[in-house]
Structures are given as structure tokens and as C-alpha cells.
Amino acid sequence: IPVIVKALHKQLKEKSLKSRQGCFCLLTELAHTVPGSLEEHIPALLPGIVFCLTDKSTSSTMRIDALSFFHVLLISHPPQAFQPHMQMLLPAVLTCVDDTFYKITSEALLVTQQLVKVMRPQGQTATSGGFDPKPFIKEVFSVTMKRLKATDIDQEVKESAISCMGHMVCHLGDHLGTELPGVLVIFLDRLKNEITRLTAVKTLILISASPLKIDLTSILPEALSVLGSFLRKNQRALKLNTLACLTVLVTHHAASIKPAALETVLSEIPPLVDESDMHVSQVSITLLTCMAKACPSFLAKISSSVLPGVFKLIHSPLLQGGALLAILDFLQALVTSKATNLGYSQLLKSLMEPFQSSKTSADVLHRQSYHSVARCVAALSSASPKETPGTVTNLIQQVKTSSSPESARVLALLCLGEVGRNGSLGGSKEVQGVILEAFSSTYEEIKTAASCALGGMAVGSLNEFLPFILKEISAQPRRQYLLLHSLKEVISACPASSLSPHVESIWALLFQHCESQEEGTRNLVAECLGKLTLVNPAQLLGRLKQQLKAGSPLARSTVVTAIKFTIVDHPAPIDSLLKDSIGEFLKTLQDSDINVRRVALVMFNSAAHNKPSLVQGLLGTVLPHLYKETQIRKDLIREVEMGPFKHTVDDGLDVRKAAFECMYTLLDSCLEGLDVLQFLDHVEEGLKDHYDIRMLTFLMLARLVSLCPAAVLQRLDRLVEPLKATCTTKVKAGSVKQEFEKQEELRRSAMRAVAALLAVPEVERSPSMAEFANQIRSNADMASIYQSVQGGEGGGMGPTEGMDIS
């Protein structure tokens, strides 16, 4: 970088336009790509920037390039690097603000905006950074104000001026004195203007949250009225920014807001709380929470207008993530506000009442709503600890009452789990008995809820419930699957520091059950082992590797599956260890047991999808074994007699499907490591295989057409035949409806691949493809399918070139 900057510094003063443009282009990329990398070179670069901004022979394009680079430089480097040079920089930039060309003016205002932040970074007092901004404020304000007042200027300049002045008020508002009220009036005016209102809303957010606590009293009532009207608009970006602005205003300026002004805003919120737009609902509820905290007197009005929508959202199957968290905060704010008509009991009743009728729950309530309501009950309980013992008692009684609707008992169990997750059960021994009794229920939903609840309780009270879970797993074989689900929840949700003392006992127990005959149980054991390994990868990953040599085929398959659960889709401490050892686990692709090979392929697929870097260096070793599994294994196909009928069983199907799924993943994550022609050999085999595999290879072929069309064209004649066979095959008369539907979907998938192929211009040179295209054109049924899939998921290649299929 020093060598580059030295060379570029000389070039910046060269007369050659292209030379200087190239410099700015390269410098901008450097600043973008490596933020802070030019800091020590800033004193050397600034004179060149100033020269390009002030030299009369400099073109408009060059000024814009210089300003764009300076903007990126300011954003990507710390402010102290520029403060010593303010005397040289500001005049040059402000001259550009006064330029007659709107693009230069707009870019210069954006640079000025960043320089304002340099003059006093957020949170600094008058001269705490050792730099006094006062000498520069008047000139910056004057030039920006001139542009802010102007109405006959380009839209881009208007928006840049509003934003720049907003930063001045935010960072330097205490220096503006008598000028401030006039600026605020202009902002209010821009808020009312349809063209500038969105920029004005964003600027008002900035000013409202300023640590300078800017006095907005003069414009607040009218601004709130205008902002409230924006909530009725169909412009989503305006709606979201308005909600954010109102939230900031209520949070920081509640004392200046009169109740009547908030009433108009509140009346606009109920229609926004709806599952049709979860993000708008989330931001709306966050605003309600702020209002509940800042203006408790409004809570009486909320119950009739807003709460019905909130409860409807809680019972929606779509509720999750940020929207659910916003609702939890809102409910807690309601409870802690002590509003008489919104007490703990009333809210609890409104949440749980729909589950008390078996008819209502069966017809309306989705499984997700049970979990959402349970989270809400736990949030209320956490905000009202005095009420918790009574709530727990009532929930236990609800579970024990056999005459209660199944929905009510399921919800009560999930509520106990979520309350317990907060550590609020108070060590109730009765709970363990209730859970064990629920495990014996004839209703699967109740047993599953009990398992989930026990896991949640153990997360909140590890020392009390974890030994109980481990003991029951060993003592109760029939409940083992449910208890392993509870254990999985504990391992997934508890921090490593809490789990560490229990790792050895959990590890030993899991390996006692890693050879279970039930695949579902083995998969659960594997998931627990994988997630437990993440607690201490340095110690436990090596122990998993050792089990590969010592275990039976069932144990090996469990260990390999466990590795799949150590591969997470974000950076993790285990990654470097996995990179060194994953090759050992992938050797199981050569295992004598077909099930071990299948789970090894599944593990490899997970690694290639989530962390391609783990396997890219191993492709040469892995691919031969992967391709081997894609071959049709006739020795694994057998016929079984079922009464008077014979049924074909393909024992190799699962492992072949796993292999083809790996191939599909490799197209996106490791294409550069593949020999595409060799890859196509196996795609060709897949085009003739089982229904599930053909569906996958049709997608694969369409993807290959977009990624490497030249290679596909080389194999075109061999690929056309199986496509043609699928498109022309008809189901035997008298077959069941399902067979007709499967064949129709196969034909549509094959035709999508054909559509992708026909979109390649050179494809018309293939006689076999041209013949097939003619066949499609002359056959009304195939032509209809082709037209229906055009522009579909076959790659979106558009119409064919040179072949009018219609």
C-alpha cells in the first residue's frame, strides 16, 4: 500500500484525466476493501484531493471522482486523522457545494456531512477530542443553509442538503443559537412536502436521538400530526421510517409531548399490527412499548384499540423472531405499568382463553401459536414474580385435569417449560411427577409438549433437572426418545460454562445408546453428541474420532452423523480443528456398511453446503467414492412378495439419493474443483434413475446449463435421450391417481431442463436436439407443457433463440 500510494500521489497532480481517474478508482477500492488502510497516508493524499477540487482546469467528472473518493475515505477512517487538516479541506469542499452542476453540489454536501461528523464525533463534548469546531461552524452552516432554503434545485441536492443540515443540528446544534428554530421550521416544511418527506423523516430520527437533546418543542405538535398521517400511506419505506421516528421522539422527548398529540398517532397504529407484514407489526409494537413506558395514561385506550390485534398476532402461525420479542417487551411493559384494566390476570386470561375450547383450538390455532403464547406467559410471569407461584400451581392443575381439552393441557405444559426456563418454578418437585405422567399420555402432542417442557425447565435449573433427565433415560427405555429430546434442548440452549461440569456424565450416557436399533433414537443421540462436542471441541472431537475404530456399524453411523451437527453455518471455534480432522471421518465413505456410507454422504453434503472450505481440498479423494454411490446397484434391488403381489425394494436408493444431493450442493459451493464432463457422466445416469433422483438431476442439468453451457453442449446428444424418454412416457391405463401426478411432475421438471437447454444459442446445431424441438412443437400436449414452464424454475432463461416452439 505505501508503494501504491506514493505512485498515486504523483499521479493525482498529473494533467492526464484518465491517469487521475484511475488513481481515484483504485484508491476508492482500497478504502472500501481495507478500511483504515490509508490512515498514515492521509496527509500525503489530501493535497492531491484539494488540488483536484480547486484547480480551474479540472473537469466536472474529475471533481465528482475526487469527492466520491474523499467521501469513502471519511467513512472508512477515524475522524482524528482529518481534524488537523480541516483548515485546508473545508474551503475546497464548500466551494464545490456552491458549484452550478447539481451532481458536484450533491456529492460535496455528502462530503460536508461527513466533515461535520469529523468536527465533533458523536458523544464528544465541546473540545473533548482536542479539536475546536467553532471556527468552522459559521461558514459550513451558511453554505448548507443556502442550499437548504432553495426550492428551485435538483431533487438530489434537496435531499443532500436536508441530510447535511440534519447532521449539523445533531452534532453541532448547541452552537447554532438563534439559527436553530429557523432550521427546524424548514425541516417541518420539508416534512410536509411529498418529494422530500422521506429524507426529512430520516433526518428527524437523527436529530431526535442526538445526545445534545435538541429542543424540538416548537415543531413537535405539528410534526406528530404529519407523522401520524404518514402511517396511512402505502409507501412501506415511509411507514417504517415514520414508526422509527415516532419511537425515537417518544423515547427522548416524552416530556414535551402533549397527550392529545399522541392520541392521533395511536389511532393510526391498530391497522398496522397485522400478520400481512410482520416487520411493520414489529416496529409498531416497539412504538407501543415506548408509549406504554413513557405515557402510561394511554394504556386504558390501548385495550380497546390495539390489544385485539396484538393477541391475534400472538395466535398467528407466522409469529417468530423479532416480532415475537417485540410483543414480549410490550406485554412486560403493560404489566409493570400497573394499569387497572391491563393487569396480569386479565392479560393471562386473554392469552390462554382460546385454548380452553377443544373446538376452537382444533379449527383455528396452529402449533406455532402454542409456543408463542407460552413465551408470552413466561414474559408476564418474569415481570410479575409475585404472581408466578400461583400461575405455576394453576398450570400444574391444568395438566393433571384429564377432562381439560388436549389443547389446554399442551399449552399448560409448554408454559411450565418456558416459566422454568427463566428459573421461576421454585424447585417444585411436583413438576417432575406431572411430566412423567404426561409422558404416558395417549396423545402424542401432550407427550411432545412434556418433552419440550422438561428441556426448558432443565435449562433454567440445570443442577435440579439434568440429573433427573439422565437417570430417566437409563431407567425408562420406552420414554427414551422423549427424554433425549429434552436433553437435546438442554445441550442446545445452555451456555458452555454451565454445561462443562456435566459433559462427562452426558457423554457416557449418550454412548450407551449410540447403537440403538431405532434410527430416530440414534439420530437424536448423534445430534446431542455433535452439539455437546461444540462445548469443548479440543477435547471431544478427538474422542469422536477414536470411536470410529472401536464401534459397530450402528455406532459408526451415529458418530459420523454427530459430525454433521458440529458443522454450523457461521464461524465457530471448532472450524480449524474440523478442517484438520474431517478427512478421517470422510474415510467412512469407503465403509463396508451401506448405512454408514449414506450418513457419511449426508455429513459431507452438510459440510459442502455450510462450510465449503472444510472439504474443498479433499474433493480429489472424495469424488471417486461419491460417484461410485450414484451407480445403479442391481445387486441391491430385490423383489418381495406381498400376498399375491410382488413389490420391488431398492436397498440402494437412499444412498444414491444422498450422493446426488451432494452433487447438487457441489455445483454451488465447489464448482471450480469439479471435472464437469466427468460430473455430467453421472448426471446422465441420474436422468434414468428413480423418480426422486430424476427430479433432482433435472434441476442439476438446468443449473449446469447456466454455469457451464459449453460442457453441457459437448454431451448434449447423450443427455437428450433420457429427457425425451421422460417427456414422452405415459402412465399405463388403470394406474392410481398418484402415478399420473408423479409422471406429470416428472415431465414438467424434464421440460424445464429442456427449456434451459433451448435457451443456449448454439444448441440448434445439435441434430438430436433440433429433432426433439420439432417433436415438442408438433405435439400439442408437450408444447403445452413447454409453454407453461417457460420462465419457470428451469433457470429463467427466457424464450428460445432460433426455435419457435409455439
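**Helix pairs and pockets in a predicted model**

Let me start with a helix pair: α25 (residues 462–475) packs against α28 (residues 503–512) at an angle of about 20°, their axes lying 11 Å apart. The axes here are lines fitted to C-alpha atoms, for helices over the stretch in contact, and the angles run from 0 to 180 degrees between N-to-C directions. Helices themselves are DSSP runs (H or I, at least four residues), numbered from the N terminus. Since angles under 35 degrees count as roughly parallel, α25 and α28 are therefore roughly parallel to each other.

Residues are numbered from 1 along each chain as its sequence is written, and side-chain values use heavy atoms, with hydrogens and water left out.

Returning to the pair, the crossing of α25 and α28 is left-handed, meaning that the near helix is turned anticlockwise from the far one by less than a right angle. Which residues in α25 and α28 meet? On the α25 side they are L466, L470, I473 and S474, and on the α28 side S505, I506, L509 and Q512, where contact means heavy atoms within 4.5 Å. By class, this contact has five nonpolar, three polar and no charged residues, with Ala, Val, Leu, Ile, Met, Phe, Trp, Tyr, Cys and Pro counted as nonpolar, Asp, Glu, Lys and Arg as charged, and the others, Gly among them, as polar.

The next pair is α21 (residues 388–400) with α23 (residues 430–439), which pack at an angle of about 25° with their axes 10 Å apart, and whose crossing is left-handed. Here I396, V399 and K400 in α21 meet E430, V431 and V434 in α23, a contact of four nonpolar, no polar and two charged residues.

In the last pair, α11 (residues 220–230) and α12 (residues 236–253) pack at about 145°, with 9 Å between their axes, and the crossing is again left-handed. From α11, L220, L224, L227 and F230 meet L238, T242, C245, L246, L249 and H253 of α12, and this contact has eight nonpolar, two polar and no charged residues.

Now to the pockets, a pocket being, on a 1 Å grid over the protein atoms alone, an open set of points where a 1.4 Å probe fits, with protein on both sides within 12 Å along at least five of seven lines, and lining residues having an atom within 4 Å of a point. The largest pocket holds about 750 Å³ of space, a volume being the space filled by probe spheres set on the points, which are joined across faces, edges and corners. Its lining has 31 residues, with R367, H371, L414, T448 and A449 nearest the centre; the elements giving two or more residues are α19 (358–363), α20 (367–383), α22 (406–421), α24 (444–460) and α26 (480–493).

The second largest pocket holds about 430 Å³, and of its 16 lining residues Y691, R694, E739, K742 and L746 are closest to the centre. Its lining has three nonpolar, four polar and nine charged residues, and the largest share, four residues, comes from α40.

Conventions: Predicted model: local features only at pLDDT ≥ 70, side-chain atom pairs only at ≥ 80, totals over all residues. Parallel < 35°, antiparallel > 145°, perpendicular 65-115°, else oblique.
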